[in-house]
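Colleague: Please take a close look at one part of this model for me: the contact between the two chains. I would like one connected account.

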Amino acid sequence: MIKVLKTGLYSSIQDLGRPEFQIYGVPVSGVMDAYSAKMANILLGNNATDAVLEMTMTGAVLQFKANTLLSISGANLNPKLNDSAIRMHTVISANTDDILTFGQTTKGLRSYLAVAGGFQTKVIMGSRSMCRSVTAQTTLKLNDELKIVEYNPYETGKNASVKFNNDHFESSRIDVFEGPEFDALNHDQKEKLLNSEFSISKENNRMAYQLEQVLENKLEPIITSSVLPGTVQLTPSGKLIILMRDAQTTGGYPRILQLKETALNVLSQKYTGDNLKFNLIPYQ
Amino acid sequence: MKYKPYGERSILIEWPQKIDKTTLNDVLNFKKALQNKYAKQKVYINSAYCSILISYDTTINNIYDRISDIKRQYSKEFGHDKSTYNLWRIPVCYDDYFALDLDELSEVKKCDKSEIIRRHCEAVYTVYFIGFLPGFLYLGGLHKNLHMPRKAKPRLNLLGGAVGIGGQQTGIYPHDGPGGWNIIGNSPVDLFKADQDKPCFAKAGDRVQFYKVTLEEHQKIKALEATGFYKLESEVIDD
């Protein structure tokens, strides 16, 4: 078990979500940055589907009530185990009563903590991902007790670490495909969309990232149809909204672009004021 | 019909942009055929008014080949094929306690509140799909005289179960939360049960009819629903 001594700014348990429940209007949810979460799980020999703790900008303070192995990937929130700094992307052993502290981010936005065997919190509709209107809790609460499996670290897998690609934080390139309504855009709109730099507005969260700049628009709304995490919507007032993992399952705004999966991960590490540029890639 | 790639993992099938029952039948029968065809693969098939979205867990190699595969599963008969669906009878309390906008609707429509309720209960609504929020049913078939624009300023805290009218649509808010529809009542029925294998009782293609209950009956049903013993009235219909 792991006890929550401080929650951090926005911390939630996430795995790969509930894609099969979209037919009931349930958001896909799941880890925002699947690349970093996968890294953290791989280091421990976990399954890709195992649940991790996603922390945003400012991390949690946690106390272990069992021995385990852990690894941290994604944003660097300056993790410390019993006040000693620990490395990112490395297998670390933690013992009962050890205290794991996270501070503020120095690079990236979302950090991922994995433990051996994955977090064992309650499964709702095939997933442990916390999500509004679906699970009782949307984020961690003070004094929560998160179930984990007891692990005896006879072998700590010392020096087990992986190379984390730092482009993941630094690149402003967001790879996209044409969305279903891309062709409804006129030449000028396409030109502007694909050749300008955009920045992320303060309206950014697990549901959607809104961009600061607008794209002059006369497109009518469409008849409500399915949307996906990574869909770029264009509103009648010209706002660009990039849907993220907790997005609604349907929408009525034209879907002009669709982010590549890897771009969705890259975007998840960006926040207010960061710049991005769309890079159109063809379908094969 | 159009078949479009939608990102690296999904394919979108689109019908002409309109909302009607023949299109819905076509959509749902094609969806069923695709579900059968891909039953053994990890594929998520979701439908809306006039579209189907097929998504996979991994990148689709040769997306245009896959589209050709999918096209071959379509039959021109789908729109006219028979369908079997459930008709659900859903209790709604139209008491002033819940019906925040019924007075206004009555004034604007120059129509007695009792007549508005009668019309709202008379219609048999079609469930086109579930979307927007977990358990939110997109219903078609609202009486023309009950169409009413959304409120200019959405309310921030609607009660779960709130029954509203927004434009040409009527529906039930499954959870507490913000909403801009005109509220005319409240249903004690839980529309989304996250702890169950089938979290919503209804599915796309089903029909829904509302019936009026008193405040006392509403409370009783709500209490029974909380224990898990409440059973909605329904019948199976072969079209």
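Modeller: What follows covers the interface, then the chain on one side of it, then two spots in the partner chain.

Keep in mind that this is a predicted model.

Start with the extent of the contact. Chain B puts in 40 residues and chain A puts in 35 residues. The area buried between chain B and chain A is about 3000 Å². Carbon and sulfur atoms supply 60% of that area. On the chain B side, B:Tyr6, B:Glu8 and B:Asn46 lose the most area to chain A. Together these three account for 20% of what that side buries.

The rule finds two salt bridges across the interface of chain B and chain A. One pairing joins the side chains of A:Arg255 and B:Glu14, at 3.3 Å from N to O. That distance falls within the 4 Å cut-off for a salt bridge.

Which elements of chain B give two or more residues to the side that touches chain A? They are the strands β1 (2–6), β2 (10–14), β3 (43–47), β4 (51–56) and β6 (125–130), plus the helix α2 (63–71). By class, this side of chain B has 22 nonpolar, 10 polar and eight charged residues.

Step back to chain B as a whole. Its secondary structure comes to five helices and 14 strands. Its C-alpha atoms fill a box of roughly 60 × 40 × 35 Å along the principal axes. Buried residues make up 55% of chain B. Take the contacts in chain B between residues at least 6 apart in sequence: 65% of them join residues at least 24 apart.

Next, chain A. Helix α4 of chain A spans residues 261–268. Six of its eight residues are buried, so the helix is largely enclosed by the rest of the structure. The buried ones are A:Ala263, A:Leu264, A:Asn265, A:Val266, A:Leu267 and A:Ser268.

Last, A:Ser172. This residue lies in the loop between α2 (167–170) and β12 (173–178) of chain A. A:Ser172 is partly exposed, with a relative accessible area of 29%. Beyond its neighbours within four places in sequence, A:Ser172 is in contact with A:Lys270, A:Asn275, A:Leu276 and A:Lys277. A:Asn275 is 103 residues away along the chain, yet the two C-alpha atoms are separated by 6.1 Å.

How values were computed. Residues are numbered from 1 along each chain as its sequence is written. Chains are lettered from A and ligands numbered from 1 in the order in which they are written. This is a predicted model: local features need pLDDT of at least 70, side-chain atom pairs count only at pLDDT 80 or more; totals for chains, interfaces and linings use all residues. Side-chain values use heavy atoms; hydrogens and water are left out. Buried means under 20% relative accessible area, exposed over 50%, partly exposed in between (1.4 Å probe, protein chains only). Helices (H or I, at least four residues) and strands (E, at least two) are DSSP runs, numbered from the N terminus. Contact means heavy atoms within 4.5 Å. Buried area is the accessible area (1.4 Å probe) that two parts lose on being put together, summed over both. Ala, Val, Leu, Ile, Met, Phe, Trp, Tyr, Cys and Pro count as nonpolar, Asp, Glu, Lys and Arg as charged, and the others, Gly among them, as polar.
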